[in-house]
Amino acid sequence: MRIEQLEYVAAVTQHGSLRRASERLHISQPALSEAVSKLERELGVTLLDRRRSGARISRRGQVLLQKMVEVLEAVDRLKVAAEDQHTASLTVRVGTVNAATSTLLVPAARTFQDTVPGTTVEILNIQQAEIHQALIEGSLDLGLVNVLAGDEPILHLVGTDLLHGRPVVVLPTDHPLSAQDEVTVEQLREDRFVAMRAGYLMHRFAHRLFGTSMPRVIHATDGAEMGKLMVSEGLGVSVLPDYSVIGDPLERGGMITTRPIAGDRTRVTLVLLQRQTDHVPAAVRELHASLVAKARSAVA
């Protein structure tokens, strides 16, 4: 008797036919039928009534079905327990577009470190499309991305909204435009500009904001962290989500500041992504919880 044979019977019972069960389990119908037949011969019980209209659990199979479910649930509990025991040696891999890294991700990782000592957090600064693909493939556990209102969700990924904000102008504190309550698009066009490279949401937003007339002098970089540093060194001004700047060490230290973009009402959200799966390792659940808790405390 094998665990998958019990899973096959449960799937046929749930979906009402061998065909639908085989499609859901991604195995051929003949292979599924043969596996169930072998189990029936081993138990000496006909578990399924096979008809042209489909297959359903037999009367004698119903008596045993609850026992099968209990075995499957026990196996799941065993897997979870084994995963939890290996938490200390687990590496949790997080992909980020470098948004709110210093204000959210690093503090959450510090809390996680205290909660799950010995677990490694590996942070990769990569572009949004790479994060999506790595999560789907399983090479990343969690991903932090920026999303504009109206962006379509990614198939097979589950998102948790962490922070809501708006794009703002990022300036050196002593910049002449910092004396204004807001900055116009025309004023931005006349200044040196630090842009995000293609593949980052703020690159897409900048092209939406400026249209075909981009600022005259443009520097480009990967991610908000280097962008803020370049602004603090006087290389230009930039546009970033406000939650990536407010509370940042450079902002707290008086090196950079922010101003609203005149007439712009765009909303941007920091979203925590993970792959759709029935089982999430305990360490990944803990870091997910730390990120959510830190985000909630930031807006409280």
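The model is predicted, so local features need pLDDT of at least 70, side-chain atom pairs count only at pLDDT 80 or more, and totals for chains, interfaces and linings use all residues. Residues are numbered from 1 along each chain as its sequence is written, and side-chain values use heavy atoms, with hydrogens and water left out.

**Stop 1: the five-stranded sheet**

Select β4, β3, β5, β12 and β6. They form an open sheet of 5 strands in the order β4-β3-β5-β12-β6, with mixed pairing. Strands (E, at least two residues) and helices (H or I, at least four) are DSSP runs, numbered from the N terminus. Two strands pair if DSSP finds at least two bridges between them.

Which strands stand at the edges? They are β4 (120–125) and β6; each has a single partner strand, so one side of each is left without a neighbour in the sheet. Neighbouring strands are turned by 25° against each other on average, direction ignored. Axes are lines fitted to C-alpha atoms, for helices over the stretch in contact, and angles run from 0 to 180 degrees between N-to-C directions.

Zoom in on β3 (residues 91–96). It pairs with β4 in the parallel sense over 6 bridges. Pick Thr91: Thr120 in β4 stands opposite.

**Stop 2: helices across the sheet**

Select His132 in α6. Is it buried or exposed? His132 is buried, with a relative accessible area of 14%. Buried means under 20% relative accessible area, exposed over 50%, and partly exposed in between (1.4 Å probe, protein chains only). Leaving aside neighbours within four places in sequence, His132 is in contact with Val145, Ile154, Leu157 and Leu273. Contact means heavy atoms within 4.5 Å.

**Stop 3: two loop residues**

Go to Ala100, in the loop between β3 and α5 (101–115). Its phi is near 60°, a positive value in a residue other than glycine. Ala100 is buried, at 0% relative accessible area.

Next, select His156, in the loop between β5 and β6. Its phi is near 80°, again positive in a residue other than glycine. His156 is partly exposed, with a relative accessible area of 45%.

**Stop 4: strand β10**

Select residues 237–241. Strand β7 (residues 167–172) runs antiparallel to β10, joined by 4 bridges. Val169 has Val239 as its bridge partner in β10. Strand β8 (residues 193–196) pairs with β10 in the parallel sense over 2 bridges. Here Phe193 stands opposite Val237.

Move to helix α9 (residues 224–232). Its buried residues are Ala224, Gly227, Lys228, Met230, Val231 and Ser232. Just after α9, Gly234 takes a positive phi of about 80°.

**Stop 5: the cavity**

On a 1 Å grid over the protein atoms alone, a cavity is a set of points where a 1.4 Å probe fits but cannot get out; a pocket is an open set with protein on both sides within 12 Å along at least five of seven lines; lining residues have an atom within 4 Å of a point. Grid points are joined across faces, edges and corners, and a volume is the space filled by probe spheres set on the points.

By this rule there is 1 cavity of 30 Å³ or more. The largest cavity holds about 70 Å³. Select its lining, including Val97, Asn146, Tyr200, Ala224 and Pro241. Two or more lining residues come from each of α8 and β10.

**Stop 6**

The largest pocket has a volume of about 420 Å³. Of its 13 lining residues, Glu7, Leu72, Asp76, Lys79 and Asp278 are the closest to its centre. Helix α4 supplies the largest share of this lining, 7 residues.

Finish at the second largest pocket, with about 350 Å³ of space. It is lined by 21 residues; Gln128, Val147, Asp151, Glu152 and Ile154 lie nearest its centre. The elements that give two or more residues to this lining are α6 (128–137), β5 (142–148), β6 (157–165), α8 (201–210) and β12 (268–275).
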